[in-house]
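Hi everyone, thanks for coming. Please bring up the model on your screens, and we will walk through it together.

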Amino acid sequence: MGEIRVVPGMIPELDPGFVPAALWNRSYRAVAAASGRRVAIALERSNGAVSRFDTVMGPDDPGMRETNFRYLERLVKFLLWSCGGWHVTVAGAEELVSQLQAVYSSGGERAFDAAVMGRRVYDHDFTITGCPYDEAPAARPVELRIGGHWEGCRIGFDLGGSDRKCAAVIDGKVVFSEEVPWDPYFQTDIAYHRAGILDSLKRAAAKLPRIDAIGGSAAGIYVNSCPRLVSLFRGIPEAEWPAKVHPLFDEISREFPGVPFVVLNDGEVTALAGAISLKRNAMLGVSMGTSEAVGYVTPDGVLTDYLNELAFAPIDYRIGAAPRDEWSGDVGVGAGYLSQQAVARLAAPAGFDFKPGMSFPEILKLVQQAMAAGDRRAEAIYRTVGCYLGYAVAHYAVFYELKNLLLLGRVSSGLGGEVIIETARRVLAADFPELDMEFHIPDETFKRHGQAVIAATL
């Protein structure tokens, strides 16, 4: 066994070099299973929770070493951004641990991931250790029972890269909903973010007789409502985060004394929106906006403490030519395929000639207009994104128990969203007929403001 080759049942027409992680891993495991070698990867988080993923790997021989390592490294990378963790234990593949440690060191290719998963998120030094399979740590899951509280007077907000949304809700009825454009990326003064958020909250508060709770939704990693890694604040120097970014929502909450105030990753709110509105669990919510945001509700209807930051998780295993993420430096990760970034990247291959320097939202708007006018170039973009989505969902289903997928975000708006869903369904039918998956896409009003409304129930 050497190089793994895959032949997708559906090839993205504007990106034929795409190598779906779901197919590559499936082919690898099919061959590796003959070795009978069991491997476990355990990830420990600061609250004592441990996630564990068991798999098979090929034998430890020179002809397999490179392929084995590729499988293991991409798997660890996915699990880090899916589950999270500062301590990774590789059980049953000790011969690859030192190489993995080098890659995830301060001078390695995954220095970004090691730094984020260490002090940035979990306040621990990031470590990777090895042990025999039989000594692998047991899983210790944590579940969070939050959301679905409709009673009383509530405010919900959703912070995106191009706009912020806010809603006022009384006993489940939306009495106010507003979308305000803003430009938070690369703003170097946290006062810009604070003023914008407060403005939206106060405008919503003016529509309520009182405020019983405030909930927020935003892309990024939050620990107890504290921003730990959030693209909205990327313009603030990292050295200033402890003093300026970490206490931001605590400071804003003081403007509303005695009012419970919670901020969650927007993917988690997306998943809650699906579970609550559709009365379905085993739900993955995918918000395709400026980046990719993901959240998960278990079959029992609860959230986990997983990070679910799949924007950084690999879904394309091609070597060398995959799109590179500007933030992490890695290639083939979700943000480049299931977001406005993908639409912008695919515009030129589709035949569009947009002005240099146009923003992602501007490009998306023009592509949406072209789609509404029946432009086949725009339809090709959406079919390509739908192909990405289908293979990504199949990959995600290996790590999450899934029955339902809810699609939100600007990329899924309009006729293009229907093409994305239909193409994703065709991918699953072609290559993963065993997956019993329902796709859900809400109406336009809910898609644009639903996360703010659901955030109000936190």
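This is a predicted model: local features need pLDDT of at least 70, side-chain atom pairs count only at pLDDT 80 or more; totals for chains, interfaces and linings use all residues.

Residues are numbered from 1 along each chain as its sequence is written, and side-chain values use heavy atoms, with hydrogens and water left out.

Let's start inside. In soluble globular proteins, nonpolar side chains tend to be buried together. A nonpolar core here is a set of buried Ala, Val, Leu, Ile, Met, Phe, Trp, Tyr and Cys residues joined through side-chain atoms within 4.5 Å. Buried means under 20% relative accessible area, exposed means over 50%, and partly exposed is in between, using a 1.4 Å probe and protein chains only. The largest core has 101 residues, and Leu-80, Trp-81 and Tyr-396 are among those with the most contacts inside it. Which helix gives the most to this core? That is helix H11, residues 376-396, with 13 residues. Helices (H or I, at least four residues) and strands (E, at least two) are DSSP runs, numbered from the N terminus. Apart from this core lies another one, of 32 residues, including Cys-153 and Tyr-185.

Now look at Trp-81. Beyond its neighbours within four places in sequence, Trp-81 has contacts (heavy atoms within 4.5 Å) that include Phe-112, Leu-229 and Asn-308.

Keep Asn-308 in view. Its phi is near 55°, a positive value in a residue other than glycine. Is Asn-308 buried or exposed? Asn-308 is buried, with a relative accessible area of 1%. Phe-186 also has a positive phi, of about 70°, and is not a glycine. Phe-186, however, is exposed, with a relative accessible area of 56%. Phe-186 sits in the loop between strand S8 (173-181) and helix H5 (190-205).

On to the rings. Phe-78 and Phe-399 are both buried.  Phe-18, Tyr-337, Tyr-388, Tyr-391 and Phe-432 form one aromatic cluster. Rings of Phe, Tyr and Trp (its six-membered ring) pair if their centres lie within 6.5 Å; planes under 30 degrees apart count as stacked, over 60 as edge-to-face and the rest as tilted. The whole structure holds 27 aromatic pairs. In one of them, Phe-78 and Phe-399 are stacked, 4.2 Å centre to centre with 20° between the planes.

Last, the pocket. Helix H2 (residues 65-82) gives the largest share of the lining of the largest pocket, six residues.
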